[in-house]
Structures are given as structure tokens and as C-alpha cells.
Amino acid sequence: MADLNKQGRSARQAARRLAAATRSEKDEVLLALSRNIVKAERDILAANAKDLEAAKANGMSASMQDRLLLDHARLESIAQGVRDVAALPDPIGEVDRMWKPENGLTIGKERVPLGVIGIIFESRPNVTVDAAVLCFKSGNAVILKGGSDAYRSNSALIQVIQATLQTYGFPVEAIQLADASRETAQEMMRLNGLIDVLIPRGGANLIRTVVENATVPVIETGSGNCHIYVDKEADIDMAVSIVVSAKCSRPSVCNACETVVVHEAVAAEFLPKMEALMQEKQVELRADKAARHYLKTAVAATTEDYAAEFSDLILAVKTVDSLDEAIEHINLYSTGHSESIITRDYFTGRIFHREIDSAAVYINASTRFTDGFEFGFGAEIGISTQKLHARGPMGLAELTSTKYIIFGEGQTK
């Protein structure tokens, strides 16, 4: 407890320095950091290899190992992400608008940092860098608490980050790594007065635990039971391509498709074509009775399957006889992350877009695009599935608050 309190106090001091930093100062650090990550590749990958070795010994699934893995290409991508954030406009100090009411005051609304952000996340070491640079650019100090599976990798990355901060005269306490224990996570959830907001990023169990136990304000992110609805007016070849890619390109991520909902009018044509490609990818299909009539390999789906975020090569299949039934099913089981409709009917697409209650709704595109990089944010702190403060991919603007600035000429009341 004492160590985490110390980290919190030092983070608050560092946050004051960051809040006053100019864009050029911050961007200089970020560009240097992108170079330093590449230079430190050998040390970072060596630490990651030890994490992977331990993960395999502990029986971690292949899809979760993929989340943990760092290699040359992923490090290059991480470094490019840092450069992308440096290229983005700095939101701090932006004034949304100015106005003058009848009292003669000039009132403005200015964008400011949140302060100290705590982030609890699981086995994705790229999150360490994404979160660090987004918080830094938006003027926030951050305390990162990753999972024990990635602790060596995260430590190696934090060493590079803090060395870069120190070189350019910023306090290393601006970006800190907490230990990986569950006790630390519980302490962070109650670090009122030192952490301004807590962001969990990971699976449903982690997010639920933080939401239910934190006394610090929480931004709920991440859990992704995403759906694709194949409408009766769908281009079947397009639908097959999108569904297979959304499920198989990276099944462990939160924007992967977990359930395909199919209109019965196209089930006979769509399902066998989809199944053939899914078999090549070794995807297990769990389907309702109507869908199994057209599928050779599917097993019976349960209610739990429709509610599941598999994060694996498993896909649930549901048939419906109308757009309304599709929307009802999706809104019932969705976690509010990302949903898509495949249709050639413009008005059907618009109804789906209007009535689906999720952070991102697509027409004729994969749910896999719900991502800070793809949305042009440079990186993301997570995908918010709540409705207050931030929703969807969270970039720089979502890590800020506002305050009012008021200019007077001696007015009294």
C-alpha cells in the first residue's frame, strides 16, 4: 500500500509539470521515444521471450499468447504509433468556444488534462506504450498496472520510456509501472485523491471487477461481444469475406466478430460458403437448429454462447426471419462495442444504424476497424462501451476534461 501511495503522490506532482508542457516539448520526447524503442529491440524482445516461455509453461491458449507476443514487426508498429501520436494536434489549451452573456463577462471553455490516470490491463504489452504516450501527449500522468503474464515485457518498455523522459527533463514519475499483483489492482481501485480516473482494459471479468469494486471514477472499456448481421439483401460474397476476416484475422481482440446473425432467406447460400472457409481456419461453429440444417460441422449453440466473448476460433451462428429480430437479438446479447450489417438496401442499413445501441455501428464493413489507429487517433487508450464522458475508441480528446475561463471588467454580484 505504501509503495502505491508513493507512486500516486509522485504522479500528482508530475502531472502539474505535464499540464504546463508545450506541444513542442511533448512531441520532442515522443519522437525520441519512437527511436529508442527501436534501438532497445533486443532487450525488449528478450524480456518478451521470457514472458512467452512462462505463458506456454502455464498452459496459456494460443490466442492469448498472440496477445502477449512482441516481434520486430510489432515493435516497429508500436514505434510508428508513437510517431503518429506526436503528429496529432495537442488538445490541451483548446478553447471550444467563447461567449458573452448579459452580465458582460467573457466566458470560454478550455480543454485541460484529467490529472492522474490509472490503467489496469491484461497481457498486451503494446498497451503499455499506447497508454503511456496518449496520457503524456494529453498532459496526464499515468500509473500502469499490467498483468503478471507480461510483467517482464512491460518493465523493459517502461525502462525505455522513463529513460527518454529523464533525458528531456521530464519527471520519470509521469509514467510509472505498478507491480502486477491482484492486491495492487485492489489498492488502485480505492486510491481516491491520488488517481483521478481508472480505466480497465481487458476481458469481461477484469472490467466487471473494476466497475463493481472501484471507488475511484471508472471509464468502462473493452469487452467485445461483436455481431455481424447478414441481411436478406446482402452481397453474399462480400458477407462471407467480411465475416471470415472479422473472426479469423485476429480472434483474440475485442473487435473480432463473435456471432454472425443470418436472415433465413440467405442462410442456404451464405452458411455453406462461410463454413467452407471457416473449416480452413479451424473455426468451431456453434449454431441454432435452423442454421445447423445448412452446416455440416456445427454443434448446438447455447444461450451462453450468444453472450460469450470467445476471444478464440469459435463463432456463434443465429438465424432470424426479420431485421427486427436481428436487432432484438444483437441488442440483447451485445456488450455495446461494435456491430455490422451487410446489406445492399440503404434504408435497411439506416434502420440498423439507428436502432443498434453500440459504440460503433458499421454498414458493409468489418467490426475489426473499431480501433484508434484505424480511426486516425494514432493510438487508443481502449474502446469505451459506456455512454458518459467517452464512447468508442478513446484518443487524446477523451483523456481531457474542461474548465471555464472567465474574463471580467470589474463585475460584481
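Mentor: Fine. This is a predicted model. Take residues 314-376: that stretch is 33% helix and 25% strand, and its end C-alpha atoms lie 30 Å apart.

Trainee: Which annotation covers residues 314-376?

Mentor: The UniProt record, an unreviewed entry, has "domain: Aldehyde dehydrogenase" there, and the annotation also covers residues 6-288.

Trainee: Pick a residue in there. Where does Val361 lie?

Mentor: Val361 is in strand β13, which runs over residues 360-363.

Trainee: And what does Val361 touch, leaving out residues up to four places away in sequence?

Mentor: Glu339, Phe352, His353 and Ile356. As for Gly336, 25 residues from Val361 along the chain, the two C-alpha atoms are separated by 9.7 Å.

Trainee: Changing topic. How is the chain split into domains?

Mentor: The assignment gives domain 1 as 4-221 + 388-407, and domain 2 as 226-373.

Trainee: What separates the centres of the two domains?

Mentor: 33 Å, taken over C-alpha atoms.

Trainee: How much area is buried between domain 1 and domain 2?

Mentor: About 980 Å², with carbon and sulfur atoms giving 48% of that.

Trainee: How many salt bridges across that interface?

Mentor: The rule finds 2 between domain 1 and domain 2.

Trainee: Which residue forms a salt bridge with Arg391?

Mentor: Asp357 does, and the closest N and O atoms of that pair are 3.1 Å apart.

Trainee: What about polar contacts between the domains?

Mentor: There are 3 residue pairs in polar contact between domain 1 and domain 2, counting pairs with both residues at pLDDT 80 or more.

How values were computed. Residues are numbered from 1 along each chain as its sequence is written. This is a predicted model: local features need pLDDT of at least 70, side-chain atom pairs count only at pLDDT 80 or more; totals for chains, interfaces and linings use all residues. Side-chain values use heavy atoms; hydrogens and water are left out. Domain bounds come from an automatic or database domain assignment. Buried area is the accessible area (1.4 Å probe) that two parts lose on being put together, summed over both. A salt bridge is a side-chain nitrogen of Lys or Arg within 4 Å of a carboxyl oxygen of Asp or Glu. A polar contact is a pair of N or O atoms within 3.5 Å; within protein, one must be able to donate a hydrogen and the other to accept it, and residues adjacent in sequence count only if both atoms are side-chain atoms. UniProt positions are given in the numbering used here, feature names are shortened, and annotations may be inferred rather than shown by experiment. Helices (H or I, at least four residues) and strands (E, at least two) are DSSP runs, numbered from the N terminus. Contact means heavy atoms within 4.5 Å.
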